[in-house]
Amino acid sequence: MIESIKNFSSDFFVTGDPLIYGADVSIVLVMVAIIFVLTYFKKWKWLWSEWLTTVDHKKIGIMYLIASLLMLFRGGVDAILMRTQLAFPNMDFLPSDKYNEIFTTHGTIMILFMAMPLMFALFNMVVPLQIGARDVAYPFLNAVSFWTFFFGAMLFNLSFVIGGSPDAGWLSYAPLSETQFSEGPGQNYYIWGIQISGIGSLASGINFLVTILKMRAPGMKLMKMPMFSWSVLSSCIIIIFAFPILTVTLGLLFIDRYFGANFFTLAGGGNPMYYVNLIWMWGHPEVYLVVLPAFGVFSEVVATFSKKKIFGYKSMVFALLSISLLSFFTWVHHFFTMADYKVDAFFAITTMAIAIPTGVKVFNWMFTMFRGRIQMKPPMLWTIAFIPTFLVGGATGVMLAVAPADFQYHNSYFLIAHFHQVLIGGVVFGFFSGIYYWWPKIFGFSLNEKLGLWAFWLWNIGFYVTFMPQYALGFMGMPRRVSTYGWDMGWAPLNFISTIGAFLMGAGFIFQVWQIVYSIKHRNKEGAADPWDGRTLEWSIPSPPPEYNFAIIPKVSEQDDWWYKKQKGLTKVKEDYKPIHMPKNSGIPFIMGGFWFITGFGLTFEWTWMGIIGLIGVATSIVVRHLDNDTDYYIPVDEIERTEARIGGTR
Amino acid sequence: MPSRKTVKRFLMLILSTFAVFLLSACSSEQFIVLNPKGPVGEVQANLIFVSFLVLMIVIIPVLLLFFFIVYRYRDKPGNKSPYKPEWDDNVKLEVVWWGIPIILIAILSILTVRDTLVLQGPPSEDVEPITIQVTSLDWKWLFQYPEEDIATVNYLKIPVDTPVQFELTSDAPINSFWIPQLGGQRYSLPGKSSTLWLEAEEAGTYYGTANNFSGDGFTEMNFDVSTVPDADFDKWVEEVKATNQPFTMEDYQELVKPSIVGVSAYSSIPPNLFEFIVDKNGGKYYKSNNHTEQFDNSRQLELGN
Ligand code: HEM
Ligand SMILES: [Cu+2]
C-alpha cells in the first residue's frame, strides 16, 4: 500500500530533477506570496469583482496581456535552457529526454500561449475602440474565451511539475505521439491544454468577426475601416476555418490514445500521413493568422508616425484578404519531403504566390513613409526594425518554397532560422509595436522611452546574433531537435555565437519588464488621451477609456476620421447623453474555465470519473447562464455626466 | 533616439555577417550543402544559389530604398524633402510592385518545376543503378542490399558514379533520411516505401543523419557514408559476406527494440524482409507502394508475427 502510494506520487509529481524541484519551490512561493498580498491588502473582493468576473473587453485585454507576458517568460526560459545546452559540443546540461520536453513546450507555448493571447490582447484592447463600439458583440463569450485560454494554458504548464511534459514536438506528429511511443500523461496534457484553449480561440474569432461586421460606428463603411481592424477581420476568417481542423485532429489523436482507435496508425487501417496533413492544414494558416494582426499594427503605426495616410489602402485590404485565402492552400510545403513530386510542384507555386501580396504590403508601408515625416517614437522603431527583418525572412521563406531545394533545408537549422525570423521579426516585433503604441490608451500613462530603447536594441542585436548563424548551421547540415553534437562537423563556433544572442534577447525582455515596472511607479499621465497625434477613433476618447468607451457614438465620415476631425476642428461633440446599455459582470466564465481544467486534468490522467465531473460542471455553467435573465443594465445619464466630467471626456 | 552612428554600426553588423557567411560558404568545406559531391546535390546547390541570387536582386535594392526613405523623410527641423500627407494612391506605382513579385515568383516557379522533374529519375541513365533498402528504427538505421544480399547497421557503403535507388521505410515513428553532400532528404514512413535517388561522384566519407525527430535516441541517429570505386565496393561486399553472420529474423526482432547501437554488418538477409516491414506496418492497405517484388502474404506466417 505504502509502496504503491510512493510509486504513484513519484510518477505524479515529477521527481529527481533539480530544475523541477526549483520550479516546484518557486510555484509554491509565488502562490503563497500572491495569497498573502491579496489577503493583507484585503484585495480578494476587488480581484473577483473587478477582474475575474469582468466582461469588459479592455480588462480582458489586459488579462490576456499579463498572461501572454508570463508565457513569454516561460517560453523564453525554455529557449535559454536549450541554447545553453547547445552552446558547446557534447554538453551534459540537459539530457535528451529533458531537451525533448523543453523544445516541445517552448514551441507550443510560444505559438499557442504567447503569440495567440498577445494577439487577442490587442484585439480586445483596440478593435471596439477603433470601430467606435462600446464592447464586443458577445461580451460574455469574450470572458469565456479568456478563461478557457487561461485554464488551458495553466493545464499545459502544470505538466512540467505534475506528470511530466509532452515531448513529441510542437506539432506532435503521429505515430510518435501515439500511446505506443509516448505513454503517460505528457501527450495528454498537450492535447487537452490546446483543446481547451482552442475553444477560446475559435470563440474569439467568431466574436471579433461579428463585432467588426456588425458594430462599426455609423458611417464607417468597411472601406473606411482602419487597417488594424481589417487585419483582425482577415485573421478571424482564418481562425474560423482553421481551428476546427485542429480540434478534430487532436480529437482523433485523443480517441486513438484513449480508446485505442487507429486513425493515425497504418497497421490498423488509418494513416500517419493523415495526421501530418491535418495538423498542417491548421498549422500553416495558424502562422499566418498570427502575423496578419501584426501587419495591421504596422499599417497603423506607419501612418501615424509618418503623419500621412496609409498608401494603397485598397490594395492593402486586397492583400490581407488574399493572404487569408491563400494560406489554406500551402500546407504541403511543410512536408515536400513526404509528398509526391507533382503535389510538391503545385504547393511550391501556391506557397510562393503568398509572397506576392506580402511583398506588396511591404512596398505600401515604404511608400506610406515616402513623402511623410517619420517620427522615431518607440512603436515606429519596432516597425522600422521589422521591415528589413521581415524582408529577409520572407526571402528565406521563398527559398524554402522552392521544393527541390527544400529537400536540403527541411528540418535543418535553416528552417529554424526562417521561422524565427518571421515570427520574432514579424509577429513579436509587431505585437510589441502595438503594445507600445496603444499602452497609453489602455493604461492612461506612457512607458519610459529610455528603458524601452535598451530593450529595443538588445532584442534587435540579439535577434541577428542568434539567428543569422543558424542559417549557416543549416548549410552545415545541422538537423533541428538534436540535443547535442560533436566537434567533428564544425558546428561549435556558430552555436556558441547563437547562444550569446539568445541571452541578449533575454536581457531585452528583462529591460521591458523593468520598463513596465518603472513606468507604473513613475506614472507619466501627460497627454495620454492622444499622445501620438493619432488618426483613428480610439484616440478621440480619454485614456483609460470609461467602461462604456464612447459616451456618444461618433459619426464617421472619413477613412482616418479622428485625424480629419482634428484638421477641421470638429472634435467637439454635443453632450446629448442617453442611458447606455451595458452587460453585467459574471462569474460563470471563470467557473466554467475551472471546470474545463478539471475535465482536462481528469482526461490527462485517464481518470474518467473526474473528466465526467468536469464536463457536468461545464454543462451546468451553461445551463445556469441560460436561466439567468439578469445579464444587463443601463448606465443613467447623470452617472455618464459625472464620469465624463471627471475624466474630461467628450472634448 | 538611436543616434545615426548606432544605426550605421548596426547595419554594418548585419551586412558584415552576411558577407562573412557568403565568403566562407563558398570557400569552406564545412558548408556541406553548398559543396555537393554528387549530381543530385549539385542540382540542388545550383538551385539554392540561383534562387538566392534572384531574390537578392530584388531584396537588396528594396532594402536600400527602404533605408533611403527612412533617412530622407525623418522628422527633423529643416528637412526640405517634400511632405504630402494626402498622397496615398498611385496606380502606376502599384502596378510596379504587384508586378515585381509576380515576375520574381514566375521565374522561381519555372526553376522549381524544372528541377522537380529533373530529380525524379536516376541521376545518370547509362549506368546500372543499385538498390538499397533503408529502414529507420528506434534509434538506428538498417540498410539492406537486396542485390548483394548483405545488410549493415548505421553504416553505408556505396560505389561512386553509380546511381543509388534508396527505398525508404520506417518501423518506428516517421523519420527522414539525409546525406547532405549527396543530396536532399526524404521521409521514411511506417507502412510506406518511398524512393530517393542519389549518386556520389567522388570517393570519400560523408555525413548522413536522421532528420525528423523520432524520440529520445534521435540525436544518435547519424551515420557515415563511404563512397568507393566500383572494384572496392565489390571487394567490400565479398568481405562482408566472408567475415559476418547472416542477418536473421531474430536479429531483426532484437534490432527493432528501442536502443542505441554501434555499426555492424551481416552476410545475408532474410528474403523479403523489407516488404515484410512495410506490410507489417500497414503497407498492405496502401496501394502505391513501389515494392521491388510484390510481397506474398503467405510469407507473413513464415516470417513470424
Ligand atoms: C513570404 C512568406 C513565407 C513563405 C514563402 C514561407 C515558406 C515556408 C516554407 C516553405 C516552410 C517549410 C519549410 C520546411 O519545413 O522545410 C516554412 C516553415 C515555417 N514558416 Fe514560413 N514562410 C513565409 C512566411 C512565414 C510567416 C509570416 C510565418 C509566421 C509568422 C512563418 C512561419 C513558419 C513556421 C513556424 C515554419 C516551420 C514550422 C515547423 O516546421 O515547426 N512563415 N515557411
Ligand atoms: Cu507554412
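Which element gives the largest share of the shell around ligand 1? That is where I will start, after two remarks on conventions.

This is a predicted model, in which local features need pLDDT of at least 70, side-chain atom pairs count only at pLDDT 80 or more, and totals for chains, interfaces and linings use all residues. Residues are numbered from 1 along each chain as its sequence is written, while chains are lettered from A and ligands numbered from 1 in the order in which they are written.

Now the ligand. The largest share of its shell comes from α14(A), with seven residues. Helices here are DSSP runs of H or I with at least four residues, strands are runs of E with at least two, and both are numbered from the N terminus. In total, 24 residues surround ligand 1, and the closest are A:Gly397, A:Leu400, A:His410, A:Phe419 and A:Val422. A residue counts as near a molecule or strand if its C-beta atom, placed from the backbone, lies within 6 Å of it. Two or more residues of the shell come from each of α9 (272-306), α11 (341-369), α12 (378-401), α13 (403-409) and α14 (413-443) of chain A. By class, the shell has 14 nonpolar residues, nine polar and one charged. Nonpolar means Ala, Val, Leu, Ile, Met, Phe, Trp, Tyr, Cys and Pro; charged means Asp, Glu, Lys and Arg; the others, Gly among them, are polar.

One of those helices, α9(A), also has a helix partner to look at. Helix α5 (residues 96-130) of chain A packs on α9(A) at an angle of about 35°, and their axes are 10 Å apart. Axes are lines fitted to C-alpha atoms, for helices over the stretch in contact, and angles run from 0 to 180 degrees between N-to-C directions. The crossing of α5(A) over α9(A) is left-handed, that is, the near helix is turned anticlockwise from the far one by less than a right angle, where clockwise would be right-handed. On the α5(A) side, the residues are A:Ile111, A:Ala115, A:Met116, A:Met119 and A:Leu122, and they meet A:Glu286, A:Val290 and A:Pro293 in α9(A). For contact, the C-beta atoms of two residues, placed from the backbone, must lie within 7 Å. Seven residues of this contact are nonpolar, none is polar and one is charged.

Next, the two chains together. Chain B puts 79 residues into the contact, and chain A puts in 76 residues. On the chain B side, the elements giving two or more residues are α1 (4-27), α2 (39-72), α3 (91-118), β7 (183-188) and β9 (204-210). That side divides into 49 nonpolar, 20 polar and 10 charged residues.

Two of those elements, β7 and β9, belong to a sheet. It is an open sheet of five strands in chain B, in the order β4-β10-β9-β6-β7, with mixed pairing. Strands pair if DSSP finds at least two bridges between them. Strand β6 (residues 175-179) of chain B pairs with β9(B) in the antiparallel sense, over two bridges. B:Trp178 has B:Thr209, in β9(B), as its bridge partner. Helix α4 (residues 230-243) of chain B packs on the sheet, where it touches β4 and β10 (222-228), and its direction makes about 135° with that of β4(B).

On domains, the bounds come from an automatic or database domain assignment. Chain A has domain 1 (1-42) and domain 2 (43-647), with 30 Å between their centres, taken over C-alpha atoms. Their contact takes 11 residues from domain 1 of chain A and eight residues from domain 2. Chain B has domain 1 (31-118) and domain 2 (130-302), and 42 Å separate these centres, again over C-alpha atoms. Here, 10 residues of domain 1 of chain B are in contact with 14 residues of domain 2.

Last, some backbone details. A cis peptide bond joins A:Ser543 and A:Pro544, with omega about -15°; A:Pro544 is in the loop between α16 (492-521) and α17 (561-567) of chain A. The bond from B:Asp138 to B:Trp139 is also cis, with omega near -10°.
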